[in-house]
Amino acid sequence: MNLYRKIPQVDLLKQDELFASCAPSILSDAIRIELDALRRAITEKKIDSIDEQALKERIRKRYEAMLHPSLESVVNATGVILHTNLGRAPIDEELFEEAREIATGYCNLEYDLEKGKRGDRHEHLSRTLCGLLDCEEALVVNNNAAAVFLILNTFAKGKEAVVSRGELVEIGGSFRIPEVMNASGARLKEIGTTNKTHLHDYEAAIGEETAMLMKVHKSNYAIEGFSAEVEMAEISRLARSRGLIDYYDLGSAYLPELPWGLGSSEPSILRLMKEPPSLMSFSGDKLFGAVQAGIIVGKKALVDQLKRNQILRMFRVDKLTLALLERTALAYRRGEIERIAIMRMLFRTPEELEERAGRLAAMLAIPSEIRRSETYVGGGTLPNRRLPSVVLALEGDAQALERHFRSHRIVGRIESERFVLDLRTIAEEEFEGIAACSRAWEAQRCAN
Ligand SMILES: *Cc1c(COP(=O)(O)O)cnc(C)c1O
């Protein structure tokens, strides 16, 4: 009981010199949290005295932690280029710099500089994307999930959209095609079986209520063995002959031909556009390599209808997103593939990676071995497609090393019971930070 009375007064604590530079409201929160913890410790009889100085230090630490940003940059040493947990595609610094002034100042987002009148935010990217992707019209929304929702809501609400059973996928972060369809007001008409769907399945499913034939990219899984799916071009032809809309949720799109045989199982978007679906959508931050966005391309009359849907207002993107997407699209348009950060990583040769590995190894305080390995693109793209890579395998307890590096915000992986750093996704500017982390490990080891 006595101990409760020894709990320091909040007002007195606040006046302590240790907190002189603290913002009062945050300090109050920090004190409250620490005093609550102290009371609990007393109640549970975990302490028999109160160390006031230690308490103040805990409050100060809590205060600092509350002001520390939760979102921090990390070193991606996993080798997975589009790591969904690590923010998918990083943006090239130069492209970001070009887009910066659009966000830090005013811009012509919805202003027509020639006419001196209100303009349309959706028009900025339309020309560049149409030129780049060879389509009639383009529209950008918040992400591809929003694109799927908007398209279904606009064209299939209260009606049926036909989808193959083999394509009713769930994409990381609980995006499930059947559930998104349901939320959009479209009725799902499942056809075929898990492993096989034929064109006649689509034909047989078309009825009075049908509005759309939809194809969904399987993204993060593949069906092998006895299987069949229908090409989008065939679905498009059938839809048009019946006066229906054909829509392809492509998920991820890439432009340049990919190295390491990665493109062998699926065509680039430019090849798909040789027989373009009436509507197609994909993510801005998967293989396209820009920011989070949903890019819709297709027939002008249909995209114009999407623009008239009130829901678009909820899915519209900010000027910073538009600026970053436009800079990325222009880099592709100029053929400057090396300006897209993920493309640079994707094209690095094993020889180049080995040379980098040698330099990094020489900087580390922990002995390591250079090894050839394999990684994948990630982000729910190109499932089962591996690409060559080079790793540094560090000497020492793999689990402990993994934890130590992670505490320094360096995320690697464990391979054959070794903690490894994969050079494919590590930038040269990150070498010094990794070296410092290895020195901290050695220092800790020597101390023990
Ligand atoms: C990734 C993906 C989505 C979701 O896209 P986001 O940009 O993450 O919203 C939808 N459909 C398919 C087929 C996908 O691969």
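Author: Welcome! Helices here are DSSP runs of H or I with at least four residues and strands are runs of E with at least two, both numbered from the N terminus. Ser-438 sits in one such run, helix H18 (residues 431-447). The model is predicted, so to speak of a local feature requires pLDDT of at least 70 and a side-chain atom pair 80 or more, while totals for chains, interfaces and linings use all residues. Residues are numbered from 1 along each chain as its sequence is written, and side-chain values use heavy atoms, without hydrogens and water.

Reader: Why is Ser-438 called buried?

Author: Buried means under 20% relative accessible area, exposed over 50% and partly exposed in between (1.4 Å probe, protein chains only). Ser-438 has 0%, so it counts as buried. Leaving out residues up to four places away in sequence, Ser-438 touches Leu-364, Ala-365, Ile-366 and Phe-405, where contact means heavy atoms within 4.5 Å.

Reader: What class does Gly-261 fall into, and why?

Author: Its relative accessibility is 41%, so Gly-261 is partly exposed. Gly-261 lies in the loop between E10 and helix H11 (269-272). The C-alpha atoms of Gly-261 and Arg-385 are 8.4 Å apart, although 124 residues separate the two along the chain.

Reader: What makes E11 and E12 a pair?

Author: Two strands pair if DSSP finds at least two bridges between them. Strand E11 (residues 279-283) and strand E12 (residues 294-298) have five, in the antiparallel sense. One of the bridges joins Met-280 to Val-297 in E12.

Reader: Why are E4 and E8 said to stand at the edges of their sheet?

Author: The open sheet has seven strands in the order E4-E12-E11-E10-E9-E5-E8, with mixed pairing. Strand E4 (137-141) and strand E8 (187-191) each have a single partner strand, so one side of each lacks a neighbour in the sheet.

Reader: What lies across E9 and E10?

Author: Helix H10 (residues 232-241) does, running at about 155° to E10. Such angles run from 0 to 180 degrees between N-to-C directions of lines fitted to C-alpha atoms, for helices over the stretch in contact.

Reader: What makes a space inside the structure a cavity?

Author: On a 1 Å grid over the protein atoms alone, it is a set of points where a 1.4 Å probe fits but cannot get out, and lining residues have an atom within 4 Å of a point. The structure holds one cavity of 30 Å³ or more, and the largest cavity has about 50 Å³ of space. Its lining includes Arg-121, His-122 and Leu-322. Helix H6 (123-133) and E4 are the elements that give two or more residues to this lining.

How values were computed: On a 1 Å grid over the protein atoms alone, a cavity is a set of points where a 1.4 Å probe fits but cannot get out, and a pocket is an open set with protein on both sides within 12 Å along at least five of seven lines; lining residues have an atom within 4 Å of a point. Grid points are joined across faces, edges and corners, and a volume is the space filled by probe spheres set on the points.
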